[in-house]
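Here is my note on the model.

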Amino acid sequence: MEYRQLGTSGLKVPALSFGAGTFGGQGPLFGAWGTTDAQEARRLVDICIEAGITMFDTADVYSAGASEEVLGQAVKGRRDQVLLSTKAGLPTGDGPGDAGTSRSRLIRATEDALRRLGTDHIDLFQLHAFDAATPVEEVLSTLDQLVRSGKIRYVGVSNFAGWQLMKSLSAAEKLGFPRYAAHQVYYSLIGRDYEWDLMPLGHDQGVGAMVWSPLGWGRLTGKLRRGRPLPPGSRLHETADYGPPVEEAYLYEVVDALDEVARETERTVPQVAINWLLGRPTVSSVIVGARNEAQLLQNIGAVGWSLTPEQTARLDAASHRPAPYPHFPYERQEGFARLSPPMIRSGRAAG
């Protein structure tokens, strides 16, 4: 397994991390994702550690905390072999203190996560969403307190807009608080919006991407085919409305290209889709999930080999979308393009 720096921090993370959203299986969304119990989770963790996947990601909202509990049981006795990442900030109840990233909420969320995970520290603690009601200075000072106390090692965010992340980074630098090392983002061959603002920001500011849903919310598993209905048992039957929408014509153009490259490489469609992501700028780790051993072993097969430049270019072309304003002049007009080289403005030309 390849290990990479998490942005410009001192933390090294595996190129593939394991997402524990399938652990616990409570509620309509997470119940559809998976219902892995502690015994099953321990076996999946065994396989991960053996393959060098030593980072495990979860969140307090995953199955109402059950995911953290199951993950904690699965790593018990080998805490020193793994990195634990969790997130907080999204609503966990209906009360006024059950959502957001205020000082009291962050302290309580951290204590609850430590208890459920059965550990004395969290390696990477991420804000699950931007809280517009809480000053960034309050958020950062609280995280600084938690880092200084040893309860958190590194901090990051998830699902932030570019201005939200940059505002937070600027405040951290000005006030001497810990800077966000990671941004957990949605990024896939059918969801490349990350490249427009967040990728160049991450490149410029040294924030590493932790990619969630690398298979486009289950659409790039190799089971969807042009002109065919969703296969029986696909979790998209229950979860499609929760994820980002994808135009059907665009989806199948990408799927066709993936099929072609999969045949050439003698790999599966998911392996090709994940491998493409591993070659993108700023990507520190791709988070893969699995409901069973077979799915996990297939995902592990995405590392240890590389697409050719020509294959990468074909996937780039099939998944390309027209640039939105204010980006389109830099992509289409020579005068604008001269002012901003491709690697700086996005990862689209970086291969």
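1. A crossover is right-handed if, with the strands pointing away from the viewer, the path from the first strand over the helix to the second runs clockwise. By that rule, β6, helix α5 (residues 136-148) and β7 form a right-handed β-α-β unit. β5, α4 and β6 make a right-handed β-α-β unit as well. Helices (H or I, at least four residues) and strands (E, at least two) are DSSP runs, numbered from the N terminus.

2. Some ground rules. The model is predicted: local features need pLDDT of at least 70, side-chain atom pairs count only at pLDDT 80 or more, and totals for chains, interfaces and linings use all residues. Residues are numbered from 1 along each chain as its sequence is written, and side-chain values use heavy atoms, with hydrogens and water left out.

3. The barrel. Eight strands close up in the order β3-β4-β5-β6-β7-β8-β9-β10, with parallel pairing. From one strand to the next, the twist averages 30° (axes are lines fitted to C-alpha atoms, for helices over the stretch in contact; angles run from 0 to 180 degrees between N-to-C directions).

4. Strand β6. Two strands pair if DSSP finds at least two bridges between them. On one side, β5 and β6 are parallel and share four bridges; K87 has Q126 in β6 as its bridge partner. Five bridges link β6 (residues 122-127) to β7 (residues 152-158), again in parallel. F125 sits opposite V155 in β7, and L127 is partnered by V157.

5. Is β6 mostly covered or mostly open? Mostly covered: six of its six residues are buried (under 20% relative accessible area; exposed is over 50%, partly exposed in between; 1.4 Å probe, protein chains only).

6. Residue D98. It lies in the loop between β5 (83-88) and α4 (103-117). D98 counts as partly exposed because its relative accessibility is 22%. Leaving out residues up to four places away in sequence, D98 touches L90, P91, T92, G93, R105 and R108 (contact means heavy atoms within 4.5 Å).

7. Which backbone nitrogen does the side chain of D98 reach? That of G95, at 2.9 Å. A polar contact is a pair of N or O atoms within 3.5 Å; within protein, one must be able to donate a hydrogen and the other to accept it, and residues adjacent in sequence count only if both atoms are side-chain atoms.
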